[in-house]
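Okay, everyone, thanks for coming. Let me put the structure up and walk you through the parts I looked at.

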Amino acid sequence: MLDTLGNLERTHTCGELRTSNVGEAVVLMGWTAKKRDFGIFTFIDLRDRYGLTQIVVSEETANQAHEKAKNVRGEFVIAVKGTVVARTPETINKKLPTGEIEVQASEILILNDAKVPPFQLEVVGSENLASEDLRLKYRYLDLRRSQLQNNIRMRAKTIAKIREFMEMRDFIEIETPILLKSTPEGARDFIVPSRIHTGKFFALPQSPQILKQLSMIAGFDRYFQIARCFRDEDLRADRQPEFTQLDIEMSFANQEMVFRTLEGVMREVFALIDADFETPFPRMTYADAMRRFGSDKPDLRFKMELADLSEDLRETDFVPFATVLENKGEIKCVVARGKADYSRKQLDELQEFVKRYGAGALAWIKIGDELTSSLLKVLGQEKIEQLAKTANAEKGDAVLIVAGKKSVVAASLGALRVEVAKRENLIAKNLYKPLWVTEFPMFEYNEDTGNYDAMHHPFTSLMDEDVPLFKRAIEDGETELLGKIRARAYDIVINGYEIGSGSIRIHQREIQNLIFKALGLTPEKARERFGFFLEALEYGTPPHGGFAAGIERIVMILQGTDNIRDVVAFPKTASAQDLMMDSPGVVDDAQLKELGIKIVE
């Protein structure tokens with residue numbers, strides 16, 4: 001029979017007691033993490049979210065409590081009344097903050113029992129964890145693990161620190177609606193049917209972008225929100241269909257003001273782990289980032305920049321390379337320092353790796369006691385030596401080469417440099433390298449549709465010096481010029497993760513109309529989707545700019561995990577399912593009929 005709590009109150013948490021508490025009568029409550037029987041003594045490790053305290057129950061001093069302790073099993077919920085005593089020197093546990101004391105129990109209450117958990121909660125090493133799917137199915141148990149509890153606590157501290165920082169700088173927190181109108185301009189919307197207005201639908205916000213701009217038109221001047229956002233898109237390890245972001249907007253703001261604000265936020269947040277950032281953060285244009293690192297979110301904790309071999313091979317007779325260059329592609333490489341000893345198996349593994357990013361093959365040069373290369377027969381010794389020199393490779397190095405479309409070369413070599421750095425342990429732990437990436441292209445060509453899309457979003461203003469070129473592209477129909485237009489857009493990157501992005505916004509309707517036209521929206525279509533916003537721009541819209549930073553990605557870096565699900569209390573799987581609640585699920589025919597919806601197989 002289970003005990004009742006009655007009016008008993010906890011006096012301390014399981015992570016709180018120290019030698020200064022010795023002799024005090026205490027009441028602890030929590031879950032049984034472990035129990036060990038030693039005849040007349042029973043030891044219980046009692047756990048709550050604050051920590052763990054060892055309980056000792058003696059048959060001689062507390063016979064009734066000892067009898068009850070015999071019935072306690074893992075994850076039972078118990079209350080313990082007892083006295084804090086100091087451990088003997090040989091029994092001190094230096095791994096625990098409470099390891100110098102224990103509580104000698106005088107009474108135990110069993111408040112609830114528990115089934116045997118489907119997996120072991122506390123294990124040593126991530127390789128010993130149960131499968132992620134099993135842990136997600138029983139997420140409420142997985143969340144009892146200290147690692148995940150620490151992650152969720154850090155998330156809460158991060159949000160609290162952000163709020164404190166923003167409020168101290170006169171930003172006002174404004175909560176924007178979750179049920180909005182679908183205005184598809186980026187990822188797919190999550191659609192919500194309206195029961196009252198049959199055949200019409202709300203959409204969940206991909207971001208509060210338009211609403212925060214409307215807040216500037218409304219005169220709120222400085223807005224922020226810890227905003228829930230939703231995107232129905234294919235998932236990656238660092239994405240979830242629903243996520244939280246710090247959303248910021250400022251009136252009368254230039255890029256430098258936005259940068260200073262975000263740098264201040266990052267300094268405050270990373271101070272939670274005693275990491276100090278020098279400000280201002282370094283800056284790099286998008287073009288330079290792609291040229292040097294093959295990525296718009298380069299990890300600067302290690303070097304290994306891309307080297308361009310295209311000019312050295314401009315006159316080559318080697319057909320694959322010649323064809324690439326004729327088609328305006330490029331040939332680039334990275335140098336793996338000290339890896340001239342790469343085996344054929346290792347090189348084959350790296351080749352399979354770059355193929356995931358569209359590369360056809362990975363060529364190589366190894367500079368050992370002799371210079372060897374997969375290209376030696378087709379290019380000759382002299383040309384191979386020239387390529388190695390252009391790559392700044394030295395004796396002992398391996399040169400890894402990819403040829404193809406510029407986008408493919410960038411994607412494959414950008415990923416390869418990170419893969420090599422991870423394999424060779426080139427990335428220092430507890431090192432944080434922030435970077436502003438600036439001057440993103442305003443438009444990117446969509447090969448599937450044959451049109452240009454907005455790289456960030458269609459409310460981003462243009463670099464002032466590119467406005468004449470943009471108007472020429474629109475007014476004279478020279479749409480190929482759109483690929484050369486730069487935006488006043490910027491990203492914060494830390495350790496290879498895009499933490500967030502922002503821009504100076506368009507505040508004049510004339511320019512916004514031209515942007516929509518460039519994106520292929522007719523005036524009628526633009527009014528249908530964004531008419532309320534276009535009209536708002538005519539009522540004295542101040543110049544403004546802002547930013548959105550992903551809370552989950554920030555906490556991932558703070559906690560040293562590369563899995564976004566580790567920092568979300570109740571996440572979805574990579575296939576956007578909730579294994580615990582078994583969602584998404586079906587709804588009954590009556591609900592569908594009420595909504596005017598029919599399921600088509």
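So, start with strand β14, residues 363-367: three bridges join it to β15, and the two run antiparallel. Within that pairing, look at lysine 366, which sits opposite threonine 372 of β15. Keep in mind that what's on screen is a predicted model.

Now zoom out to the sheet these strands belong to. It's an open sheet of five strands with antiparallel pairing, and the order reads β12-β13-β16-β14-β15. Which strands stand at the edges? Those are β12, residues 307-308, and β15, residues 371-373; each has a single partner strand, so one side of each is left without a neighbour in the sheet.

Okay, on to the packing. The largest nonpolar core has 40 residues, and the members touching the most other members are Leu246, Met266, Phe270, Ile492 and Ile499. Quite a list of elements supplies at least two residues each: the helices α4 (146-168), α6 (255-270) and α16 (551-559), plus the strands β9 (222-230), β10 (242-251), β20 (489-494), β21 (497-504) and β22 (544-550). Which one gives the most? That's α6, with seven residues.

Let me click on leucine 246. Leaving out residues up to four places away in sequence, leucine 246 touches Ile162, Phe224, Gln225, Ile226, Val265, Phe547, Ala548, Ala549 and Ile551. There's also a second, separate core of 27 residues, and Ala289, Leu435, Phe470 and Ile485 are among them.

I'll take the second largest pocket, which has a volume of about 870 Å³. It's lined by 34 residues, and the ones lying nearest its centre are Ala33, Asp45, Arg47, Leu52 and Glu122. Elements giving two or more residues to that lining are β1 (25-38), β2 (41-48), β3 (51-58) and α4.

What about cavities: how many of 30 Å³ or more does the structure hold? One. The largest cavity has a volume of about 30 Å³, and its lining is made up of Leu136, Arg139, Phe570, Pro571, Asp578 and Met580. By class that's four nonpolar residues, two charged and no polar ones.

Notes:
Residues are numbered from 1 along each chain as its sequence is written. This is a predicted model: local features need pLDDT of at least 70, side-chain atom pairs count only at pLDDT 80 or more; totals for chains, interfaces and linings use all residues. Side-chain values use heavy atoms; hydrogens and water are left out. A nonpolar core is a set of buried Ala, Val, Leu, Ile, Met, Phe, Trp, Tyr and Cys residues joined through side-chain atoms within 4.5 Å. Buried means under 20% relative accessible area, exposed over 50%, partly exposed in between (1.4 Å probe, protein chains only). Helices (H or I, at least four residues) and strands (E, at least two) are DSSP runs, numbered from the N terminus. Contact means heavy atoms within 4.5 Å. On a 1 Å grid over the protein atoms alone, a cavity is a set of points where a 1.4 Å probe fits but cannot get out, and a pocket is an open set with protein on both sides within 12 Å along at least five of seven lines; lining residues have an atom within 4 Å of a point. Grid points are joined across faces, edges and corners, and a volume is the space filled by probe spheres set on the points. Two strands pair if DSSP finds at least two bridges between them. Ala, Val, Leu, Ile, Met, Phe, Trp, Tyr, Cys and Pro count as nonpolar, Asp, Glu, Lys and Arg as charged, and the others, Gly among them, as polar.
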